[in-house]
Structure formats: structure tokens, C-alpha cells
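User: Please take a close look at the charged side chains here. Which of them pair up, and what surrounds them?

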Amino acid sequence: MRVQDLIDELKYMNPEAEVHFSYNYGDHWRTEVAPVVVGVSEGYVQESAYHNMDKVVDECDVYDEETGDMDPDVRRVVIIG
């Protein structure tokens with residue numbers, strides 16, 4: 001999803017509604033939980049083979065220490081949390 005896609009979806013929603021995000025808690029019952037969104041920010045992610053999804057990367061790990069170039073596997077994204 002791109003930022004514009006999110007804007008397009010949200011314009012039809014009640015502007016006074018709370019915003020939550022959902023995920024599977026991973027418990028025995030496979031409970032779907034929905035904590036409140038506390039903010040929106042820009043950050044960096046890269047694929048994690050262990051998690052089989054993107055993981056957040058600390059800003060100090062974005063650039064190669066020797067060359068100063070940005071790691072090509074790292075992407076700048078909007079993070080809703």
C-alpha cells in the first residue's frame with residue numbers, strides 16, 4: 001500500500017473514529033488483537049528472513065560504515081504504530 005492509497009481509503013471514514021491496527025497475537029487461540037495507533041512516522045525497514053517480513057532498522061544501521069552509501073536492501077517507509 002502506498003500513502004496515496006491510504007489517504008484514498010481514509011477519506012471515506014468517520015474523521016472522529018479511533019484508529020487501531022490489527023495483528024495475530026500468536027497465542028493458542030490465534031486471537032486477533034487491535035491496539036490503538038499512537039503515531040505515524042517515517043523510518044527504515046529491510047526484509048528479515050527470520051521473521052519472513054520487514055523489520056524496522058535503526059537509523060544508524062542504514063548506511064555502510066566504510067562507503068557511507070545507503071544499504072540497497074533498506075527502504076524508507078511510513079510506519080504506523
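**Charged pairs and their surroundings**

Start with aspartate 8. Its relative accessible area is 28%, and it counts as partly exposed. Keep in mind that the model is predicted. Aspartate 8 has a partner: its side chain and that of lysine 11 meet in a salt bridge, with 3.9 Å from N to O. The cut-off for such a bridge is 4 Å, so this pair qualifies. Lysine 11 is exposed, at 55% relative accessibility.

How many salt bridges does the structure hold? There are three.

Take the next one. Glutamate 42 and arginine 76 join their side chains in a salt bridge of 3.1 Å, N to O. Glutamate 42 sits in strand E3 and arginine 76 in strand E5, residues 75-80, so this bridge ties together parts that lie 34 residues apart in sequence. Glutamate 42 is exposed, with a relative accessible area of 54%. Arginine 76 is partly exposed, at 47%.

Now the remaining bridge. Aspartate 54 and arginine 75 meet through their side chains at 2.4 Å, N to O. This pair also links distant parts of the chain: aspartate 54 belongs to strand E4, residues 53-57, and arginine 75 to strand E5, 21 residues away. Aspartate 54 is partly exposed, with 37% relative accessible area. Arginine 75 is partly exposed too, at 37%.

Aspartate 54 leads on to a neighbour, serine 48. Beyond its neighbours within four places in sequence, serine 48 touches Met53, Asp54 and Lys55. Serine 48 lies in strand E3, which covers residues 40-48. Is serine 48 buried or exposed? Its relative accessibility is 6%, so it counts as buried: the limit is under 20%. The side chain of serine 48 also makes a polar contact of 2.7 Å with the side chain of histidine 51.

Asparagine 52 is in the loop between E3 and E4. Its phi is positive, about 60°, although it is not a glycine. Asparagine 52 is exposed, with a relative accessible area of 65%. Another charged residue has a positive phi as well: arginine 30, near 55°, is not a glycine either. Arginine 30 lies in the loop between E1 and strand E2, residues 32-33. It is exposed, at 64% relative accessibility.

A pair of aromatic rings is described by the distance of the centres and the angle of the planes. A search of the whole structure gives one aromatic pair. Phenylalanine 21 and tyrosine 23 form it, with 6.1 Å between the centres and 20° between the planes. That angle is under 30 degrees, so the pair counts as stacked. Phenylalanine 21 is partly exposed at 31%, and tyrosine 23 is partly exposed at 37%.

Step back to the whole chain. It has one helix and five strands. From the N terminus, their order is α-β-β-β-β-β. Between helix H1 (3-10) and strand E1 (23-24) runs a loop that holds proline 15. Proline 15 is exposed, at 74%. Its C-alpha atom is 35 Å from that of valine 62, which is 47 residues away along the chain.

What is the radius of gyration of the chain? It is 16 Å, whereas a compact globule of 81 residues would have one near 12 Å. The C-alpha atoms fill a box of roughly 50 × 35 × 20 Å along the principal axes. Buried residues make up 11% of the 81 residues, and serine 48 is one of the buried ones. The chain exposes about 7300 Å², and carbon and sulfur atoms supply 52% of that area. Finally, look at contacts between residues at least 6 apart in sequence: 40% of them join residues at least 24 apart. The bridge of glutamate 42 and arginine 76, 34 residues apart, spans such a separation.

Note on methods: Residues numbered from 1 in each chain as written. Predicted model: local features only at pLDDT ≥ 70, side-chain atom pairs only at ≥ 80, totals over all residues. Heavy atoms only, no water. Phe/Tyr/Trp six-rings, centres within 6.5 Å; stacked < 30°, edge-to-face > 60°. Buried < 20%, exposed > 50% of the residue type's maximum accessible area, 1.4 Å probe, protein only. Helix = DSSP H or I, 4+ residues; strand = E, 2+ residues; numbered from the N terminus. Polar contact = N/O pair within 3.5 Å; in protein donor to acceptor, adjacent residues only side chain to side chain. Contact = heavy atoms within 4.5 Å. Rg over C-alpha atoms; globule rule 2.2 N^0.38 Å. Areas by Shrake-Rupley, 256 points an atom, 1.4 Å probe, with all protein chains shown as cover.
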